[in-house]
Amino acid sequence: MTRLLGQLLRSREIGIFAAFVIVVVVATSINPNFVFSRDGWRDLLLTPTMLILVAVGGAIVIITRNVDLSVGSVVGLSAYLCGRLFIDLPGIPVIAVFAICMAFGAVLGFVNGVLSAYGKVPSLVITLGTMYAYRGVAVLWAGSNRINASDMPDSFLSLGTSSLLTIPYLTIVCLVVVLALGRYLHNRRAGREYYAIGSDPEAAELYGLKVRQRILVAFVISGALAGLAGVLFAARYGTSNSQTGLGLELMAVGAAVIGGVAIFGGSGTVYGAAIGAMLLMTINRALPIVHIQDFWQQAVVGALIVGAIVLDRALALRLRRRLVVERDDDPPVVDKPDPATTAAGQGSTEGAAS
Amino acid sequence: MTTLRARTSGDDSLLPSYGRPGWRRLATSSEAVMVAVLLAVVVVAALAVPHFASTTTLGFLLLDATPVLMIALPLTLVIITGEIDLSIASVIGLGSVLFGILIRAGVPLALAIAVCVLAGVLAGAFNGFFVAVVGLPSLAVTIGTLALFRGLAVGLLGTTAITSFPAEWQRAAQQMLGSTGIPAVILLVVVLVGVFAVLLHFTGFGRGLYAIGLNKEAAAFSGVRVNWSKFVTFLMTGAVSAMAGVFWTLRYASARGDNATGLELAIIAAVLLGGVSIFGGKGSIAGAVTGVLLISVLQSALRLDGVNSDAISVVTGTLLILSVLAPSVARWMRSKRRVPPAPA
């Protein structure tokens, strides 16, 4: 029990969540409206949703030792598609728009996945290319057009504002997605295989895992979530144009890294990425309240990312030193594996996450 | 191993490029292909796009390409060691803002430039410290410093811009060499290209960078100072990025925190398009320069042809993907066509 508690306290998610709580508490103590007003509470829950979805998708891709830089462009395309659907097909059900945009994002992710997994080309380059290509398509398609709130039905826009038990609907959608993917990665065999592939792609291949297929699926998930994020953007802000989602890709990677997802794969959780995204967006909103000019937001975000990576390395080194000490202290028993080393070994594959 | 087997089967198309005779090596190198593509695009653009073949177009094309061209050089070195630097465009912004503030405070031009380059060196040292000394992944570190340096730049100046530069400075930055349509600043770029080409291709330090990119451990055991080399490449990237920031400020007579936002991926795309491998160990200065020029020419030609300049990114992105996929596809097709060589 104490062991579980200790592990919980040391887990990265709890640490990041604590940082998030501190930011919220400090901001609220200066301006109670940050949490205790209707708008403040809603913004707190609603603003990070888009980044959470994209960061979670990004995290799954990063866990397989790949990266998806095209998500910002996919969000832009999906948000514009969403608006076009309402304009071109009046009366289309909202749920169908959600489905179409997610499927569209999944197709774009599929292209990334096929090129990366089967082209034997690093995904960094491929998704850098598709980032430009998709953005260009958005510009060609949308031109200087802008989708306005008046183009979209009220039933859709109200999704962006209305809530259930003070929790906005969009936040609930986001929460369900994160929990479902978290369970998938943590409990399902397929989910564990992402970690195996990210830890050592060659070993995973030799072991008989369907490496390419898994990577393809990871990109499809990332694309579909970016598609969903595009719809959320349209619902929340009631507007979109060809520049929607610009620069989101690096924010997403940053959020995942802050949340403890190792950039070289094999470790981290989607919960961490989601909390990292919440922390990033909440800091952005809290800075003006603590009278730091919002110009400094990015500097703070950057310092956070660098700090998170340094912290990760320090923890990894400590873990390794402890494992060395344990190995030297009591040589491994052949019949019965030492529970301490087994637990620690598990910890090293999943970082401080488990 | 491949070399041996291919040689015994008498099939030299399977040889790695360095195993072929000199002229064939030159003609089939990815640089040669890129230069051919570049020339073809220039010829087609000159024939098909009105006003493309003019000194004005050439001048603006080269002026626009200058910052990208400058930074592409040290960045090539970084990528050849298998690392990456995403903070380059943010260092442009930081250099630009710092330059503006110094000039506004009455600091002489030469000193202001020196301070900016020094700031760039410090920014590079910051990256280099975490990557080479601490040993953190450069992709993650420089995503962090991308935000950090940009944040410093924007934070120092807020949303304001400094535009009170003497008009003759801006004229000097855009000065053409006589009536050739070649900007004078290209001389500086040519010097930089020469310096980096010699450094990469004709010094032990440069050869060491390839060794690091191919196999870090082997390089270390053969006496290459791996960490020091990496650190230096980041220093140089920071310094040149800050120089590009000064040029940017002078050319547009505007120092803003958000100058060159998002340019990092464009520069990286150009370098990779030029055949520099993202895995490290492969690439050349000539290739990187060709990559930058190819994108600049395409953008310029399409813009003159009336294509929305943002839509041109479709072409940039597709080109990048094709350029990295081409070797894989070629290998795949060869393996389909040929009977696999008998095991030696």
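This is a predicted model: local features need pLDDT of at least 70, side-chain atom pairs count only at pLDDT 80 or more; totals for chains, interfaces and linings use all residues.
Let me start with helix α12 of chain B, which is mostly covered, since 20 of its 27 residues are buried, where buried means that 20 or more other C-beta atoms, placed from the backbone, lie within 10 Å of a residue's own, exposed means 12 or fewer, and partly exposed is in between. Residues are numbered from 1 along each chain as its sequence is written, and chains are lettered from A and ligands numbered from 1 in the order in which they are written.

Helices here are DSSP runs of H or I with at least four residues, strands are runs of E with at least two, and both are numbered from the N terminus. Helix α12(B) covers residues 226-252 and reaches 39 Å from its first C-alpha to its last, close to the 39 Å expected at 1.5 Å a residue, the expected span being 1.5 Å times one less than the number of residues.

What follows α12(B)? The helix is followed by A253(B), whose phi is positive, near 50 degrees, and this residue lies in the loop between α12 and α13 (263-273) of chain B. Most residues other than glycine have a negative phi. A260(B), in that loop between α12 and α13 of chain B, also has a positive phi, near 65 degrees. As for their surroundings, A253(B) counts as partly exposed because it has 19 C-beta neighbours inside 10 Å, whereas A260(B) is buried, with 26 other C-beta atoms within 10 Å.

Elsewhere in chain B, helix α6 (residues 109-133) has 25 residues and reaches 34 Å from its first C-alpha to its last, close to the 36 Å expected, and just after α6(B), G135(B) takes a positive phi of about 85 degrees.

How do α9(B) and α10(B) pack? Helix α9 (residues 185-201) and helix α10 (residues 204-214) of chain B pack at an angle of about 65 degrees, with their axes 5 Å apart; the axes are lines fitted to C-alpha atoms over the stretch in contact, and angles run from 0 to 180 degrees between N-to-C directions. The two helices α9(B) and α10(B) are therefore roughly perpendicular, a term for angles of 65 to 115 degrees, with those under 35 roughly parallel, those over 145 roughly antiparallel and the rest oblique. On the α9(B) side the contact is made by L199(B), L200(B) and H201(B), and on the α10(B) side by F205(B), G206(B) and L209(B), contact meaning C-beta atoms, placed from the backbone, within 7 Å.

Turning to chain A, we have 17 helices and two strands, and buried residues make up 49% of its 354 residues. The largest nonpolar core has 211 residues, and those with the most contacts inside it are V54(A) and A55(A); such a core is a set of buried Ala, Val, Leu, Ile, Met, Phe, Trp, Tyr and Cys residues joined through C-beta atoms within 7 Å. Among the residues that A55(A) touches are A252(A), A273(A) and G276(A).

Finally, at the interface, 41 residues of chain A are in contact with 40 residues of chain B, and the largest share of the chain A side, 14 residues, comes from α8(A).

Conventions. Two residues are in contact if their C-beta atoms, placed from the backbone, lie within 7 Å. Lists of a residue's contacts leave out its neighbours within four places in sequence.
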